Amino acid sequence: MLRPRIIVCLDVKDGRVVKGTNFVGLRDVGDPVELAQRYEAEGADEIVYLDISASHEGRGTLLELVQRTAQVLFIPLTVGGGVRTETDMNALLRAGADKVSVNSGAVRDPQLLTRGAELFGSQCVVASIDAAWSEEGSDGPGWYHHTHGGRKRTDLEAVSWARECAALGAGEILLTSMDRDGVRTGYDLKLTAAVAEAVNVPVIASGGAGEAAHLRDGFTQGHADAVLLAGILHDGLTTVGELKKALSAWGIPVRDTSIANGPPTPSTSEAP
């Protein structure tokens, strides 16, 4: 069983990392490869690249960037944005990605998750769900899934859609609360816990991290298997290493993966 993970998200637009609030108001924060290396050195367990304009612009993810990153990164790399077919998945994996995140493509063609899992293994297929609360929807009030970088709302209730994605073959759920994105008030714990209870695959909590206590609550109250964050790291408010020290003090068994402390030592549960 994997220990709780800290995942750093790099939203990429026009070859640069950007960050906003509630999926808008984007600002440039740096070079993707340089930031990926920096966060790996700080102790990040994984890196996620999300090409946030690919689906909206009707193009594929930037393969050259993935190749450059894979050449220097030693922790797992997940890449998403504009993935519409198994061919897209294959191209990203061959470029060096360890996992492929699918959002809009799975709504358009749910069997894409199944075909991807059959071809590459379910561990390579991540279903990305961007959820926002609405008082009105096909199933009444609830969290509804959005596509195209949060631009288009669907009639898919997020918890039910997460359950379906897992049944179709997704090996992991990347769950982003659009309501909490960038506001730094903490993860949407009710949403996260609801999805974690509904599926039998790992759930990554995303959207809202502002301090170490929010990560702790994501694990203990949201029952997430991993937490994803970005803005507080980009702005230099803390580091992955500092967050992991705080989590360890609270009894959350995170791994010490910082390069400064040498190669990570496998935990008892992770050792062969």
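Predicted model: local features only at pLDDT ≥ 70, side-chain atom pairs only at ≥ 80, totals over all residues.
A residue counts as buried under 20% relative accessible area, as exposed over 50%, and as partly exposed in between.

**Aromatic pair**
- The ring centres of Trp 133 and Trp 143 are 5.2 Å apart and the ring planes stand at 80°, so the pair is edge-to-face.
- Because Trp 133 belongs to strand 7 (residues 125–134) and Trp 143 to strand 8 (residues 142–147), the pair ties together parts that are 10 residues apart in sequence.
- Trp 133 has a relative accessibility of 40% and therefore counts as partly exposed, whereas Trp 143, at 14%, counts as buried.

**Charges over rings**
- Arg 153 has its charged end over the ring of Tyr 144, at 4.5 Å from the ring centre.
- The ring of Trp 250 has the charged end of Arg 216 sitting over it, 4.4 Å from its centre.

**Helix packing**
- Helix 3 (residues 63–72) packs with helix 4 (residues 86–95) at an angle of about 30°, and their axes are 8 Å apart; because angles under 35 degrees count as roughly parallel, helix 3 is described as roughly parallel to helix 4.
- From helix 3, Leu 63, Val 66, Gln 67 and Ala 70 meet Ala 91, Leu 92 and Ala 95 of helix 4, and by class this contact has six nonpolar residues, one polar residue and no charged residues.

Definitions and conventions: Residues numbered from 1 in each chain as written. Heavy atoms only, no water. Axes fitted to C-alpha atoms, helices over the stretch in contact; angles between N-to-C directions. Helix = DSSP H or I, 4+ residues; strand = E, 2+ residues; numbered from the N terminus. Parallel < 35°, antiparallel > 145°, perpendicular 65-115°, else oblique. Contact = heavy atoms within 4.5 Å. Nonpolar A, V, L, I, M, F, W, Y, C, P; charged D, E, K, R; others polar. Phe/Tyr/Trp six-rings, centres within 6.5 Å; stacked < 30°, edge-to-face > 60°. Buried < 20%, exposed > 50% of the residue type's maximum accessible area, 1.4 Å probe, protein only. Lys NZ or Arg CZ within 6 Å of the ring centre and 35° of its normal.
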